[in-house]
Amino acid sequence: LVIGNAAYPAAPLRNPVNDANAMAARLRAMGFEVALRTNVTQREMTRSVSQFGQSLKPGSVALFYFAGHGMQVRGRNFLIPVDADIQSEASARSESVDLDLVLEQLGPSRLSMVILDACRNNPFENRFRSGGGGGLAQIDAPKGTLLAYATAPGNTADDGTGTNGLYTENLLREMRVREAKIEDVFKRVRLGVRRASGGRQIPWEST
């Protein structure tokens, strides 16, 4: 399942739809069956995640990719749909999609990857008094899952000046290397992003 949200009324982004389209094309070329969703509402996003879980066969390899706004609230991570009206921490929970909902869908798969290019500088967080820090919160990946962040927990990622976000641009390039080990792919992505950002953005994984 590949989701790219960019058309946020109050905080539009340049590249998530481009990122999602490019990621879907690359995954299809690698043999994945891909459901692509762009600029989805909360209802559409929740339904897509549920359908994704229902489609997974026992022993399969599952991959979830999200590009757009994401945020943390008291240590929990939320992916933000384009129709979210977030005025407080409470509304962040009710207007967004909890990352835990995604992780819960991965049970049937023997190996799953969750890739979040969702740490882009988020104006919604300025409305919170307590503040949870920028970007997403660090969580441990469930058994059999690789959880990849575009930047280290608590930091923000670059939306990119080209046709793709900085993280996804590097990831797409490394995914073209045949027979590469997953760990090596993400190590090279981390190095490329760190160099391109002058050390301001360092991707992070939990496995």
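## Arg 188 and helix 6

Leaving aside its neighbours within four places in sequence, Arg 188 is in contact with Glu 174, Val 177 and Ala 180. The structure described here is a predicted model, and in this model Arg 188 belongs to helix 6, which covers residues 182-196. With a relative accessibility of 33%, Arg 188 counts as partly exposed. Between Arg 188 and Leu 171, which are 17 residues apart in sequence, the C-alpha to C-alpha distance is 8.6 Å.

## Helix 1

Helix 1 takes in residues 16-29, and its 14 residues should span 20 Å at 1.5 Å a residue, which agrees with the 20 Å between its end C-alpha atoms.

Just after helix 1, Gly 31 takes a positive phi of about 105°.

## Helix 2

Helix 2, residues 42-55, also has 14 residues, and the 20 Å from its first C-alpha to its last is close to the 20 Å expected at 1.5 Å a residue. Its buried residues are Met 45, Ser 48, Val 49, Phe 52 and Gly 53. Seen down the axis of helix 2, these buried residues fall within an arc of 135°, and they therefore line one face of the helix.

On the face of helix 2 turned away from that buried side are the exposed residues Arg 43 and Gln 54. Covering the buried residues are, among others, strand 1 (2-4), strand 2 (36-38), strand 3 (61-67), strand 5 (76-79), strand 6 and helix 4 (99-104).

## The nonpolar cores

The largest nonpolar core has 37 residues, and those with the most contacts inside it are Phe 64, Phe 66, Leu 79, Leu 99, Val 114 and Leu 116. Two or more residues of this core come from each of helix 2, strand 3, strand 4 (70-73), strand 5, helix 4, strand 7 (111-117) and strand 8 (145-149). Apart from this core lies another, of 24 residues, which includes Ala 24, Tyr 65, Leu 166 and Tyr 167.

The surroundings of Val 114 can be given in detail: when its neighbours within four places in sequence are left aside, Val 114 is in contact with Phe 64, Leu 99, Leu 103, Leu 106, Thr 145, Leu 146, Leu 147 and Ala 148.

An open sheet of 3 strands has the order 4-5-6, and its pairing is antiparallel. Strand 4 and strand 6 are the edge strands, each of which pairs on one side only. Strand 5 and strand 6 run antiparallel and are joined by 2 bridges, and Leu 79 has Val 97 of strand 6 as its bridge partner.

Ser 96 sits in the loop between helix 3 (89-95) and strand 6 (97-98), and at 5% relative accessibility it counts as buried. Its side chain reaches the backbone oxygen of Ala 92 at 3.0 Å. Beyond its neighbours within four places in sequence, Ser 96 is in contact with Gln 42, Phe 78, Leu 79, Ile 80, Pro 81 and Ile 86.

Most residues other than glycine have a negative phi. Against that background, Asn 39 has a phi near 50°, a positive value in a residue other than glycine. Asn 39 is placed in the loop between strand 2 and helix 2, where it is partly exposed, with a relative accessible area of 30%. Arg 74, likewise not a glycine, has a positive phi of about 50°; Arg 74 is found in the loop between strand 4 and strand 5 and counts as exposed at 64% relative accessibility.

Glu 104 is placed in helix 4 and is exposed, with a relative accessible area of 61%. The C-alpha atoms of Glu 104 and Val 193 are separated by 29 Å, and the two residues are 89 residues apart along the chain.

Methods
Residues are numbered from 1 along each chain as its sequence is written. This is a predicted model: local features need pLDDT of at least 70, side-chain atom pairs count only at pLDDT 80 or more; totals for chains, interfaces and linings use all residues. Side-chain values use heavy atoms; hydrogens and water are left out. Helices (H or I, at least four residues) and strands (E, at least two) are DSSP runs, numbered from the N terminus. Buried means under 20% relative accessible area, exposed over 50%, partly exposed in between (1.4 Å probe, protein chains only). A polar contact is a pair of N or O atoms within 3.5 Å; within protein, one must be able to donate a hydrogen and the other to accept it, and residues adjacent in sequence count only if both atoms are side-chain atoms. Contact means heavy atoms within 4.5 Å. The expected span of a helix is 1.5 Å times one less than its number of residues. The arc is that of the directions from the helix axis to the C-beta atoms. A nonpolar core is a set of buried Ala, Val, Leu, Ile, Met, Phe, Trp, Tyr and Cys residues joined through side-chain atoms within 4.5 Å. Two strands pair if DSSP finds at least two bridges between them.
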